[in-house]
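Here is a short walk through one protein model. Keep the sequence and the 3D view side by side as you read.

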Amino acid sequence: MALLPLNAVLYGISGIGGNLASAIFLPETPEIGPMGAFFGILSLLLYQVISNWDLLHKPFFIFLKTSCCLPIIFVLGFFVPWINNFSNIFGFIFGSLTVPLMQPNNYKNKSFYISLTLLLLLSSSLFVFFYNSHLVEPYLDSFKYLNCLPLTEKWCSMDVGLKEIKVLN
């Protein structure tokens, strides 16, 4: 029962970090959702497999089974325009940096302070870029193919369903 608040904190930090990065790198794309938070929970699962490697029956098989969805979702994110790779990537990064902070008695380790420093540095730089978007705007075109590879002329266009929405209104 004590793990529930820690998982909720991990879920929240990963979700906020993923959606914040998505708002920076895709400023004109309205995307929200729990994918960044799900990837934070996935980073917890991978951390648990790695840290309990000696206790597991077939650890390599469990590791492969746990991590197989990472490349599948990232590859899908390149070809399906409504999957947000920025939220997925940054949710996983935020989760990977938050998990060592949640381990008991880890504050005595160097990994605790490294994770804390990197998490604070990443969070503060994302907040600076969010509120000073003119710093990021010149580089946005170089990141657009990380979220969607255009298979056709209008494949990655986010106004694909606007005609249908206008008809409903």
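This is a predicted model: local features need pLDDT of at least 70, side-chain atom pairs count only at pLDDT 80 or more; totals for chains, interfaces and linings use all residues.

Start with the core. The largest nonpolar core has 13 residues. Those with the most contacts inside it are A21, I24, F25, F90, F94 and L126. In general, nonpolar side chains tend to be buried together in soluble globular proteins.

Now pick out L126. Beyond residues up to four places away in sequence, L126 touches G17, L20, A21, I24, F90 and F94. Among these, A21, I24, F90 and F94 are also on the list of residues with the most contacts inside the core.

Next, move to S115, which sits in helix α6. Is S115 buried or exposed? Its relative accessibility is 8%. Buried means under 20%, so S115 counts as buried. Which residues does S115 contact, leaving aside neighbours within four places in sequence? They are L97, P100 and L101.

Finally, look at α5 and helix α7, residues 140-147. Their axes come within 8 Å. They cross at roughly 85°. An angle of 65 to 115 degrees counts as roughly perpendicular, and therefore α5 and α7 are described that way. From α5, the residues N85, F86 and I89 take part in the meeting. From α7, the partners are F143, L146 and N147. By class, this contact has four nonpolar and two polar residues, with no charged ones.

Methods
Residues are numbered from 1 along each chain as its sequence is written. Side-chain values use heavy atoms; hydrogens and water are left out. A nonpolar core is a set of buried Ala, Val, Leu, Ile, Met, Phe, Trp, Tyr and Cys residues joined through side-chain atoms within 4.5 Å. Buried means under 20% relative accessible area, exposed over 50%, partly exposed in between (1.4 Å probe, protein chains only). Contact means heavy atoms within 4.5 Å. Helices (H or I, at least four residues) and strands (E, at least two) are DSSP runs, numbered from the N terminus. Axes are lines fitted to C-alpha atoms, for helices over the stretch in contact, and angles run from 0 to 180 degrees between N-to-C directions. Angles under 35 degrees count as roughly parallel, over 145 as roughly antiparallel, 65 to 115 as roughly perpendicular and the rest as oblique. Ala, Val, Leu, Ile, Met, Phe, Trp, Tyr, Cys and Pro count as nonpolar, Asp, Glu, Lys and Arg as charged, and the others, Gly among them, as polar.
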